[in-house]
Amino acid sequence: MASLLDPRIKLRHLTCFVEVTRRGGVARAGSALGMSQPAVSKAIAELEAILGVALFDRSRRALALTAHGEMFLRFATAGLATLRQGADSVAEALAGTGMVAFGALPTVAAGIVPLALKRFAASPLACRTLVESGPSQYLLELLRTAAISFVAGRMASPEAMQGLSFEHLYSEELAFVVRPGHPLAEAGRLDLRAMADFEVLLPPRRAIIRPEVDALLLAAGVGRFAFEIETVSNSLGRSYVLLGDAVWIISRGVVARDLATGVLRSLPVDAGATLGPVGITTRTGAELTLPAQAMLAAIRQAAALRA
């Protein structure tokens, strides 16, 4: 017969452990939880005593998990996420309300997500919807803690996908975009080194697509540009390239509509090597609510129309 969970392990033990790991320190975790630093430290010490292992390596200056801590974190995070989802489901059932919360990375936020939202709004399961935006790391953290049900966009790096599952919808490459009439727009095949005399807008180094950008530039013999602007803001990128002769390197899906209508031009760059998977990331084994499943179905349908 399988043993039950040790009754000495309380919800506060798991919450403190996950929050300390997430925030990178006891003081910051205490502030987020509304607890004193000693109370958080005591909860961690009690949890380690119950488990019989050290969860944190205290020999280092920076807080770091031990191997046992890394192992336990996966299950503690998943357990708290499941409890949160269960509590939310009961509350929604009692109130007769519901909400779908999901994350949308820039590559889909300007393309398939608006189409999917229109479809979802017309479905029998339509309800309040929260669409979170931001960098991949931020959205995946919300996903792991069940603050959102899934993330739509480019697949994260393999090391960031632990405990998560990815459903591929389509593949997409980068685009080098400029205003109509840009000096580089009429080249037969652009040598990327010709961009050296222009301002270049790039995704920041934490962005999913930045490694593909760097690899493409490196292969073309391009190092750093003299005039670089790093930004995650699509509105800033769009406005800035329309003001002058800057070149914006961005996922094609972000600017697909502007390219189709002629508001922006795509430079003749062979970006086939940057082709990357776009789809849906969920927590492995998580059960989605019916409205969340309907929203997912709408995103799949919008992606199919895109293809």
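The model is predicted: local features need pLDDT of at least 70, side-chain atom pairs count only at pLDDT 80 or more, and totals for chains, interfaces and linings use all residues. Residues are numbered from 1 along each chain as its sequence is written, and side-chain values use heavy atoms, without hydrogens and water.

Helices (DSSP runs of H or I, at least four residues) and strands (runs of E, at least two) are numbered from the N terminus. Helix H1, residues 11-23, packs on helix H2, residues 26-33, at about 120 degrees, and their axes lie 8 Å apart. Axes are lines fitted to C-alpha atoms over the stretch in contact, and angles run from 0 to 180 degrees between N-to-C directions. H1 and H2 are therefore oblique to each other; angles under 35 degrees count as roughly parallel, over 145 as roughly antiparallel, 65 to 115 as roughly perpendicular and the rest as oblique. On the H1 side the contact (heavy atoms within 4.5 Å) is made by Thr15, Cys16, Glu19, Val20 and Arg23, and on the H2 side by Val26, Arg28, Ala29, Ala32 and Leu33.

Next come the strands, which pair if DSSP finds at least two bridges between them. S3 (residues 99-104) and S5 (residues 151-154) run parallel, with 2 bridges; Ala104 is partnered by Ala152 of S5. S5 also pairs with S12 (residues 276-283), antiparallel and over 4 bridges, where Arg154 faces Val278.

Glu141 pairs with Arg22, with 3.7 Å between the closest N and O atoms. Glu141 lies in helix H7 (residues 136-144) and Arg22 in H1, 119 residues apart.

Terms used:
A salt bridge is a side-chain nitrogen of Lys or Arg within 4 Å of a carboxyl oxygen of Asp or Glu.
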